[in-house]
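Hi,

Here is the model I promised to pass on. Have a look, and my notes follow below.

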Amino acid sequence: MLAQQIVNAISLGSVYALFALGFTLVFGILGVINLSHGGIFMLGAYAALLLISKFFLPFWIAIPVAMIFSGLVGLLIDVLILRRLRQRQASHLMPMIATIGAAILMTSLAQGLFGSEARRFPLEMFNDENLKLGNITIPLLQAGITTLSILLMLLMVWVLKRTRLGQALRAIAESPRAAALLGIPVERLFYLTSFIAAALGGTAGILIGLSFNAISPFMGQPMLHKGIAAIILGGLGDVRGAVLGGLFLGVAEVFAITFLSSEYRDALSFGLLFLMLLWRPQGLFGASATRSA
Amino acid sequence: MRLRPLTALLTLLSALIISMASPAGEIRIGLTEALTGPASQYGTPIHNGFILAQEEINAKGGISGNKIVLIEEDERGKKEEAINVYKKLIFQDKVLMIFGPTLSNSMFAAGPVANAAHVVAFGTSNTASGITDIGPYVFRSSPMEADVVPVTLKAAIKHLNIHKVGIIYGNDDAFTKSGYDVFKQALEDQHIPVVDTETYSKGDVDFKAQLTKLKAADPDVIICPCLSEEGSNILLQARALGIKLSFIGGNGFNSPKLVEIAKTAAEGTIVGSPWFDGNPSVQNQHFIAAYRKKFGTDPNQFSAQGYDALFILAEALKKVKLMGNLEQDRQALRDALPDVQIDGATGKFAFRPAPPHNGKPGGYDANQTPFVYIVKNGKFVLLK
């Protein structure tokens, strides 16, 4: 049973990790907690669902299109909301409140368009295959999600550390004004970041929609709570931290169920979060004084 | 300036007209269900059932010539909204009585408002224990889980040879928690031990950790007083983990969605319900045909209960002489309701007074025998 629970923990954790990845990126570079990330996550799932079930696009076209669509939604939010607040040099609180508004708008919109029932992708598309190792069942789709979130994390780390783009982004994270003085097109890179983060968020939504019967207008909210917990655990704004924070949260939840009781699951995992904030307010990866992207 | 007396007169007149807004020939009834939000999957069918019944009653001349007018509101499955809507219907729209809200949670919040104002609050989908403890103005036509569950369990035990069970339920929702309490009591009464109890929270989609633990505890059957959305996820993940056991559900499993989403994973699932679509009675077959024709979809238990509820009201109104005095009329209706008996789409229906609670009089519960189903080849069939 323990081996199965470890598999369960990793598969749950990688869902959180994937969600937290885009979430933390926006915070690291734009310095904004974008609470509409849950809404983008949800719209991404609906976009893919619509493309597959209404327009009968094959899977491998629908998913990239839905990713780009979510990216564009994120870009739109940046252009319409975040950019204006940046121009006014608004405090940290304002983008948070404004993006809550955007999230409510998206939820109501989805509810009006698609209804409030939970949906899933047509089951026949995949023959829900499971990998059996002795007594352990590994759902293949979830193995895919885990692999993908780790790959995406590595890709993001590589881009940030090894490319000129990453260098520019890290400079912006350090100080947007100094970066602008150095000739870095700050505003354009803000847009790019919002786009990439939202595309990642949408991807998380699609993948969760693929593995559970979970596409509903309200799917973003609980995930947002877990996502915030994951990025705080890992260190705000740190890409590696988001993934490890997500995995850590998954492990904490599953082990709480295994060794204590499912009644105490949230008490334990959010209690851990509280302890983490007391012990290491900067999270697992956050460097205390400097902001890292 | 010379126009002033005329304007004053007009204002007075229009005020008079507004105060008589309930002209003879209309019986204003409040109907508030969750038409948006997650609970709308229950609220919308209920609402449809009422609309169908209203059409049929009014087409046959209404209640001794008076038409039934439904003042429709959306309470969005939220407690706060249910309270607001109740206040609007009682004090502003001045309705005779109110049907709804959809969820037990909301009735617990809004019911006391109606009870204090001496207006009948009539739930058609509230199955949690304690709803009618609110007071003597609270009625429901939905049998309590406490009535349905023991019957379901007895039938399941007979069918499946059950000696020990596992349970999984949502512990942060009045409906699923109350379902759990009822199952626990029924299991105690029938001396069936529970080998493992697992919980989850609203919004969870991954139940594999809980299910892995349940599997290791090796029960004969898994009891799942869950809503159908979580329920279908639980069923699918249980099958993926190699759990082949039957599931027993509460009222939330009474939804065609369960089979539609979980497909073969739902095979062998057992539920109890006050309505059976295969019930050959004339009323039921007429209801199903009329509903399909009007809404283009199949009715479910919730629409049948909404449909029947308006006929229960119509039956009560036949015995009430409406005097045009709102307070007296509301009281007269309240006094006529408990004796109503009908034979509707859900079968024979009567009320049963709820026992007094803390020395205060209670409301009225449904007195109905449930049907027990099992999912076979993707369809709910009667468990014999």
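What share of the 384 residues in chain B is buried? Buried residues come to 55%, where buried takes 20 or more other C-beta atoms within 10 Å of the residue's own, with C-beta atoms placed from the backbone.

Some housekeeping: this is a predicted model, with local features needing pLDDT of at least 70 and side-chain atom pairs pLDDT 80 or more, while totals for chains, interfaces and linings use all residues. Residues count from 1 along each chain as its sequence is written, and chains are lettered from A in the order in which they are written.

On overall shape, the C-alpha trace of chain B spans about 90 × 45 × 40 Å along its principal axes.

Chain B splits into domain 1 (20–143 + 279–368) and domain 2 (146–273); those bounds come from an automatic or database domain assignment. Their centres, over C-alpha atoms, are 30 Å apart. Across the boundary, 12 residues of domain 1 of chain B are in contact with 13 residues of domain 2 of chain B, contact meaning C-beta atoms, placed from the backbone, within 7 Å.

Contacts within chain B: of those with a separation of 6 or more, 69% are between residues 24 or more positions apart.

Finally, the A/B contact: 28 residues come from chain A and 28 residues from chain B. H1(A) gives the most to the chain A side, with 4 residues; helices here are DSSP runs of H or I, at least four residues, numbered from the N terminus.

Cheers

Technical notes:
Contact = placed C-beta atoms within 7 Å. Helix = DSSP H or I, 4+ residues; strand = E, 2+ residues; numbered from the N terminus. Buried ≥ 20, exposed ≤ 12 C-beta atoms within 10 Å, placed from the backbone.
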